[in-house]
Amino acid sequence: MQALWFNGQHEIEVKEILIPKLQPDELLVHVDACGVCGTDFHIYEGNAPAKIPVVLGHEYTGIIIDAGSKFDKLKIGDKIAINPNIHCGYCEFCRKGKINLCSNLKALGVTLNGGMSQFSVVPITQAYLLPNDFPFSKSVFAEPVSCCIHGINQAEIIPGEKVLIIGAGTIGLIMIQLAQLRGASNVIVLDPLQFKRDMASKLYADHVLNPFDENTEEKVSDITSGGADTVIECVGSQAAGESAVKLTRKGGKVVIFGLANSSAVINIYMQSFFHKELTLKSSILNPNTFQPAVDLIINKKINVEIFNPHPVLLQQDKIENLFNGSDNENIIKFMVTPNN
């Protein structure tokens, strides 16, 4: 089968590899599509850890074409979404219910071969059933939505709160919708790119601002009467993190969601932080949120059609253009279609 092999920083290769023999608790999946995540770009740039070598891709969907001997509740031909994050179940964190912090965490597309390949071997535990007529261009969003649900859980939004979202990429646009579902009375979005601000407006964000305009901080203060109740940072940069703390009102909450470079830091004026009595949280992965994500997408509670992901063929030149940014202007989401 053809697969995208990551060999180290800036080294990717589309090549033929063998399909592994199935273990009793594994499925063989014909991959329809695999979303391209910011984490994939971080891995490519050497700013996020991954096994070397490994087949990339952790946001994927496909059809079961073979199964091991423990196969029972699903059947050949079922369409599934795949939760890539595999916890051990017995470490200190798993036994406390904090499975996203598992000491022995494995992840398809990061430490195990993932979905940027024509076929993928997937543990049965990671497969989530989809309607057979459900478009793969929508089901690739199950994983990012599941992670955003955990982020929104961390935010603990109370109905009526004023919520500020920094960044209107895929994650920020999902967060807008989840904040609305949680009862936010006012959703403000900051993003420097006009086409992303336009998408936020289409999702009925109440205020959409350019963070680089001179009076943005004043506008946010006016809209929120002194600062947002909750700020969710979805960029992964020092500037965004520091803005999140600055734009939060007294007694407010900040959730750092964006994955930053390993060298990024946030400088906090401790006395200001002290006087505001802020709650600062982060969010990682998707503990027990994958099925809710699938249900929200299937039942159209989260609009993923707006993303209209751009397909990328599993070919060396197409993949290189993708990862070096040659084709990335004004596209919010890419998906690799390995069997197209």
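At roughly what angle do the axes of helix 4 and helix 5 cross?

## Basis of the description

The model is a predicted one, in which local features need pLDDT of at least 70 and side-chain atom pairs count only at pLDDT 80 or more, while totals for chains, interfaces and linings use all residues. Residues are numbered from 1 along each chain as its sequence is written, and side-chain values use heavy atoms, with hydrogens and water left out.

## Helix 4 against helix 5

The axes of helix 4 (residues 142–155) and helix 5 (residues 170–181) cross at roughly 55° and come within 10 Å; helices (H or I, at least four residues) and strands (E, at least two) are DSSP runs, numbered from the N terminus, and axes are lines fitted to C-alpha atoms, for helices over the stretch in contact, with angles running from 0 to 180 degrees between N-to-C directions. Helix 4 is therefore oblique to helix 5, given that angles under 35 degrees count as roughly parallel, over 145 as roughly antiparallel, 65 to 115 as roughly perpendicular and the rest as oblique.

On the side of helix 4 the contact (heavy atoms within 4.5 Å) is made by P144, V145, C148, I149, G151 and I152, and on the side of helix 5 by I171, I174, M175, L178 and A179. Sorted by class, this contact of helix 4 with helix 5 has ten nonpolar residues, one polar and no charged ones, where Ala, Val, Leu, Ile, Met, Phe, Trp, Tyr, Cys and Pro count as nonpolar, Asp, Glu, Lys and Arg as charged, and the others, Gly among them, as polar.

## Helix 4 against helix 10

The axes of helix 4 and helix 10 come within 8 Å and cross at roughly 115°, and this crossing of helix 4 and helix 10 is also right-handed. Here A142, E143, V145, S146 and I149 of helix 4 meet F290, P292, A293, V294, L296 and I297 of helix 10. The residues of the contact of helix 4 with helix 10 comprise nine nonpolar, one polar and one charged.

Because F41 lies in helix 1 (residues 38–45) and F323 in helix 11 (residues 316–324), the pair ties together parts that are 282 residues apart in sequence. F41 is partly exposed, at 22% relative accessible area, whereas F323 is buried at 3%; buried means under 20% relative accessible area, exposed over 50%, and partly exposed in between (1.4 Å probe, protein chains only).

The rings of Y44 and F323 have centres 5.1 Å apart and planes at 45°, so this pair is tilted, and it ties together parts that are 279 residues apart in sequence, since Y44 lies in helix 1 and F323 in helix 11. F41, Y44 and F323 form one aromatic cluster. The buried residues of helix 1 are D40, H42, I43 and Y44, and what covers them includes strand 1 (2–8), strand 2 (11–16), strand 3 (26–35) and helix 11.

## Backbone features in loops

Most residues other than glycine have a negative phi, and most peptide bonds are trans. A cis peptide bond, with omega about -5°, joins I52 and P53, and P53 is found in the loop between helix 1 and strand 4 (54–55). Helix 1 itself is followed by G46, whose phi is positive, near 85°.

Y204, in the loop between helix 6 (194–202) and strand 13 (207–209), has a positive phi near 70° and counts as exposed at 68% relative accessibility. N308, found in the loop between helix 10 (290–298) and strand 17 (310–313), has a positive phi near 40° and counts as exposed at 64% relative accessibility.

How values were computed. Rings of Phe, Tyr and Trp (its six-membered ring) pair if their centres lie within 6.5 Å; planes under 30 degrees apart count as stacked, over 60 as edge-to-face and the rest as tilted. A crossing is left-handed if the near helix is turned anticlockwise from the far one by less than a right angle, and right-handed if clockwise.
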